[in-house]
Amino acid sequence: MYDDAILQSVVVACPDCDLLNQVPELVPGDSAFCIRCNATLARNPKDGLERGLALTCTAAILFVVANVFPFLSFGMDGLVTHTTLVTGIVGLYNQGMVFVAAVVAVTIVIVPTLVLVGLMYLLFPLRSGRCLPGSELVIRWIIRMYAWNMVEVFMIGIVVAAVKLHTMAVLIPGLAAWSFMLLIFVFAWLSISVDVRVLWSRLEAAR
Amino acid sequence: MNTSLSVITGRSEALLSCHACGLLTPCSSPDDVPAGHERCSRCGSALHMRYTDSLNRTWALLITAVILYIPANLLPITQTSSLGLTQDKTIMQGVIYFLQHGEWPIAVVIFTASILVPLLKMAVLLYLLISVQRGSSKRALERTKIYRIIEFIGRWSMIDIFVVVIMVALVQLGTLASIAAGEGALYFCAVVIITMFASASFDPRLIWDRCETDG
Ligand SMILES: [Zn+2]
Ligand SMILES: [Zn+2]
């Protein structure tokens with residue numbers, strides 16, 4: 001479609017060193033870097049919107065599975081516990097670790113949910129060149145929250161906990177564990193497929 | 001005006017760069033615009049020449065993190081009860097336990113994520129703050145690169161907290177065995193969060209400001 005001319009040639013100040021750079025028109029798949037400090041200034045990912053939307057929907061499905069189904073089943077002396085993410089957070093809360101429980105809830109449940117819902121709110125209408133009210137606010141919040149999505153760190157946590165406990169019990173990874181595993185790749189792919197500069201220029205064109 | 005002819009920056013041209021969308025907005029003077037008084041015409045974000053009070057905020061957060069790092073390492077991060085016996089373990093005791101049991105990959109992961117990364121992050125922030133305040137113009141590129149590294153690795157320190165959450169969720173078998181989070185987990189979690197805020201409040205452009213005035 002109109003992917004080609006989406007980023008016009010523009011002057012930007014480097015976010016890391018403030019040098020003014022002339023960013024040329026980018027063909028899909030190209031990136032521009034600061035000539036002084038090599039910070040990424042803009043990217044125009046191939047099929048940005050379509051791929052971004054497909055990955056957002058995939059991530060949303062995996063994320064629901066990761067939260068609803070048990071991620072580890074734990075058997076010790078005939079007793080089997082199935083654990084979901086929510087059990088862990090509630091367990092911490094019951095032990096009086098309210099702050100830690102809140103941090104885990106924010107970084108593993110709330111932020112990923114808001115980021116995914118926000119992306120859908122932007123990408124679905126933008127695909128057909130439209131935008132919904134409050135889109136500017138949604139992008140600003142996605143940028144602000146992005147660093148606080150820690151799903152991939154949690155996955156490494158599952159692996160470490162499994163190795164820690166394997167001597168004292170039988171551990172069976174559940175459906176949610178595989179979902180978390182896939183989410184690492186989907187989130188990584190998503191963050192290179194969606195570029196905020198592209199979203200801004202699309203949004204300007206849609207208004 | 002800028003003393004060096006080759007370096008033209010947003011500041012030297014009195015242009016405010018929007019941190020959210022990158023749009024440049026002209027301002028009357030290159031020195032600080034009062035916080036929140038000007039807004040980006042494209043996205044409505046508040047515009048600043050540099051992050052508001054960047055050095056003071058980063059110092060305050062860094063000092064808080066350093067202080068909390070002490071109880072985070074001295075207090076137990078987990079309390080394991082098994083058949084009436086309660087055992088407390090600090091982060092370092094956990095690492096030693098795994099080394100003794102030959103589980104060195106886990107020991108390395110926990111040592112790196114829980115001890116090395118937070119220490120490295122605090123040391124780098126300290127170095128960046130001091131070098132900016134002393135007005136150093138040396139090795140700006142290297143300092144920007146290490147800043148990007150600590151921005152990227154900070155979140156991985158949360159691994160141990162997540163391991164505790166998972167174990168708390170799993171090992172809840174009443175009198176048989178149970179694992180609870182210790183006080184140390186609270187402080188450690190605070191250290192990770194506060195150092196993330198500290199590196200986010202540090203403005204890397206301050207590293208380069210001095211290079212321009214020195215020409
Ligand atoms: Zn730069
Ligand atoms: Zn803006």
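1. Which helix of chain A is the place of I108(A)? I108(A) sits in α3, the helix spanning residues 98-127 of chain A. One caution before going on: this is a predicted model.

2. Is I108(A) buried or exposed? I108(A) counts as buried, because its relative accessibility is 0%. The cut-off for burial is under 20% relative accessible area.

3. Look next at what surrounds I108(A). M150(A) lies 42 residues from I108(A) along the chain, yet their C-alpha atoms are separated by 5.8 Å.

4. Now chain A as a whole. Chain A has 7 helices and 7 strands. From the N terminus on, the order is β-β-β-β-α-β-β-α-α-α-α-β-α-α. The C-alpha atoms of chain A fill a box of roughly 65 × 35 × 30 Å along the principal axes.

5. Burial, contacts and surface of chain A come next. Chain A has 207 residues, and 53% of them count as buried. Take the contacts in chain A with a separation of 6 or more: 62% of them are between residues 24 or more positions apart. The accessible surface of chain A is about 9,300 Å². Carbon and sulfur atoms hold 69% of that surface.

6. Chain B contains 7 helices and 5 strands. Along the sequence, the pattern is β-β-α-β-β-α-α-α-α-β-α-α. Of the 215 residues in chain B, 53% are buried.

7. What of contacts and surface in chain B? Among contacts between residues at least 6 apart in sequence, 64% join residues at least 24 apart in chain B. Chain B exposes about 9,900 Å². Carbon and sulfur atoms supply 63% of that area.

8. Where in chain B is D203(B) found? D203(B) is in the loop between α6 (183-201) and α7 (205-214).

9. D203(B) has a polar partner. Its side chain makes a polar contact with the side chain of R205(B), at 2.9 Å. Not counting residues up to four places away in sequence, D203(B) touches R50(B), Y51(B) and S54(B).

10. Next, the empty space. Rolling a probe the size of a water molecule over the atoms shows where such space is left. The second largest pocket has a volume of about 580 Å³. It is lined by 30 residues, and those closest to its centre are K164(A), M168(A), T80(B), K89(B) and Y97(B).

11. Which elements supply at least two residues each to the lining of the second largest pocket? From chain A, α5 (151-165) does. From chain B, β3 (78-82), β4 (85-89), α2 (91-100), α5 (159-170) and β5 (177-181) do. The largest share, 5 residues, comes from α2(B). By class, the lining of this pocket has 15 nonpolar, 10 polar and 5 charged residues.

12. How many cavities of 30 Å³ or more does the structure hold? There are 2. The largest cavity contains about 40 Å³ of space. The residues lining the largest cavity are P45(A), G48(A), L49(A), L123(A), S193(A), V194(A), D195(A), V198(A) and L199(A). In chain A, α1 (48-68) and α7 (196-206) each supply at least two residues of this lining. The lining of the largest cavity divides into 6 nonpolar, 2 polar and 1 charged.

13. The second largest cavity holds about 30 Å³ of space. Around the second largest cavity are P118(B), K121(B), G154(B), S157(B), V191(B), V192(B) and T195(B). In chain B, α3 (104-133) and α6 each give at least two residues to this lining. The most comes from α6(B), with 3 residues. By class, the second largest cavity has 3 nonpolar, 3 polar and 1 charged residues in its lining.

How values were computed: Residues numbered from 1 in each chain as written. Chains lettered and ligands numbered in written order. Predicted model: local features only at pLDDT ≥ 70, side-chain atom pairs only at ≥ 80, totals over all residues. Heavy atoms only, no water. Helix = DSSP H or I, 4+ residues; strand = E, 2+ residues; numbered from the N terminus. Polar contact = N/O pair within 3.5 Å; in protein donor to acceptor, adjacent residues only side chain to side chain. Contact = heavy atoms within 4.5 Å. 1 Å grid on protein atoms, 1.4 Å probe; cavity = no way out; pocket = protein on both sides within 12 Å on 5 of 7 lines; lining within 4 Å. Points joined across faces, edges and corners; volume = space filled by probe spheres on them. Nonpolar A, V, L, I, M, F, W, Y, C, P; charged D, E, K, R; others polar. Buried < 20%, exposed > 50% of the residue type's maximum accessible area, 1.4 Å probe, protein only. Areas by Shrake-Rupley, 256 points an atom, 1.4 Å probe, with all protein chains shown as cover.
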